[in-house]
Amino acid sequence: MGSKKKEIALQVNISTQELWEEMLSSKGLTVVDVYQGWCGPCKPMVSLFQKMRIEAGLDLLHFALAEADCLEVLEKYRGKCEPTFLFYAGGELVAVVRGANVPLLQKTIREQLEAEKKVLAEGCERKVIRDEALSDEDGCLSHDKDIGDDEDMGECRTTQQASSGTICTLAIIKPDAVVHGKTDEIIMKIHEAGFDILANEERTMTEAEMQLFYQHKAGEEAFEKLVHHMCSGPSHLLILTRPEGTEDVITAWRTLMGPCDPNVARREQPDSLRAQFGTEMPFNAVHGSQDREDASRELALLFPTFKFSDEVLEASLSKHFSTKETPGSRWLHLYILPKFKKEYQCFTNS
């Protein structure tokens with residue numbers, strides 16, 4: 001009589017110090033997805049990990065999940081809004097990748113796995129690193145200009161760098177694309193187009209959020225339909241940036257999205273995301289900020305812990321509300337702005 005083999009989980013959940021120590025003692029390479037409880041693990045990477053597990057086998061490549069708030073050893077990783085992947089071998093940290101960067105993750109897994117195989121088979125010295133972005137965040141940023149190959153130190157493109165001058169924009173993979181299973185494919189195309197993803201959060205928007213988000217469209221006929229669609233299921237909210245010296249991230253993202261109407265996009269820009277993944281209005285797969293002020297406003301609304309100065313925040317939000325004394329404007333100035341400023345201050349001081 002045959003018996004079912006026990007299914008082996010792709011990613012082991014590390015929730016205690018004992019399990020962390022057990023992970024460190026594992027033979028081979030372990031990739032740990034360090035995540036925040038408010039946004040959860042980086043789900044778009046699961047398909048990559050499954051592929052790498054099939055490619056490498058079960059013996060020397062392991063994957064794990066660890067919530068930063070649950071383990072003291074991960075204290076310095078708390079409050080980070082971007083995915084962080086720690087690579088351990090022989091109980092030591094050997095690599096760090098920040099952001100949901102599929103090509104870089106795949107490259108790092110392969111390189112570190114080959115290096116560990118040589119350590120185990122030939123007795124080569126294991127190259128251990130220190131996460132400089134945590135031990136000396138300012139040093140990581142100031143030394144970034146001296147790095148010749150940014151793939152070797154991709155982890156320096158962090159939230160700290162984004163908050164001190166790097167232009168960011170909001171991207172939303174809308175419910176119609178998510179429900180049809182297109183999220184991973186869209187994220188792959190975003191990476192292939194040269195974007196860095198600083199944060200990726202999957203959640204279902206509320207009606208109140210979307211009414212505020214689309215306040216500037218409140219007088220349009222399709223407003224209610226748009227709000228209803230955006231609340232109809234989970235979306236993926238992304239913070240995008242691009243490497244210094246390349247095309248402006250807002251312009252580049254709007255170009256990659258294509259015309260708002262998927263039918264127009266298929267005629268004019270058949271390679272755009274809306275042409276490939278959209279169907280009809282308002283089911284056009286993706287959203288992007290119009291300009292820098294819109295990007296600041298939208299990021300402030302949907303990523304309230306993302307760093308902005310008070311001046312940029314207030315100017316960006318106020319632009320989209322009447323300057324007349326109305327219930328809406330009183331709500332903005334008495335509730336929304338103080339709430340955001342308080343959260344920014346807490347985040348900055350944490």
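Q: What is the volume of the largest cavity in this predicted model?
A: The predicted model holds 3 cavities of 30 Å³ or more. For the largest cavity, the computed volume is about 120 Å³.

Q: Which residues lie nearest the centre of the largest cavity?
A: The lining of this cavity consists of 17 residues. By class, 10 of the lining residues are nonpolar, 3 are polar and 4 are charged. Nearest the centre lie Cys 39, Gly 40, Glu 82, Pro 83 and Asn 200.

Q: Which strands each supply at least two residues of the lining of the largest cavity, and between which domains does the cavity lie?
A: At least two lining residues come from each of strand S2 (29-35) and strand S7 (196-203). Residues of both domain 1 and domain 2 take part in the lining, so the largest cavity lies between domain 1 (12-122) and domain 2 (168-304).

Q: Which element gives the largest share of the largest nonpolar core?
A: The largest nonpolar core has 23 residues, and Phe 49 and Phe 87 touch the most other members. Two or more residues come from each of S2, helix H2 (46-56), strand S3 (61-67), strand S4 (84-89), strand S5 (92-98) and helix H3 (102-122). The largest share, 5 residues, is given by H3.

Note on methods:
Residues are numbered from 1 along each chain as its sequence is written. This is a predicted model: local features need pLDDT of at least 70, side-chain atom pairs count only at pLDDT 80 or more; totals for chains, interfaces and linings use all residues. Side-chain values use heavy atoms; hydrogens and water are left out. On a 1 Å grid over the protein atoms alone, a cavity is a set of points where a 1.4 Å probe fits but cannot get out, and a pocket is an open set with protein on both sides within 12 Å along at least five of seven lines; lining residues have an atom within 4 Å of a point. Grid points are joined across faces, edges and corners, and a volume is the space filled by probe spheres set on the points. Helices (H or I, at least four residues) and strands (E, at least two) are DSSP runs, numbered from the N terminus. Ala, Val, Leu, Ile, Met, Phe, Trp, Tyr, Cys and Pro count as nonpolar, Asp, Glu, Lys and Arg as charged, and the others, Gly among them, as polar. Domain bounds come from an automatic or database domain assignment. A nonpolar core is a set of buried Ala, Val, Leu, Ile, Met, Phe, Trp, Tyr and Cys residues joined through side-chain atoms within 4.5 Å. Buried means under 20% relative accessible area, exposed over 50%, partly exposed in between (1.4 Å probe, protein chains only).
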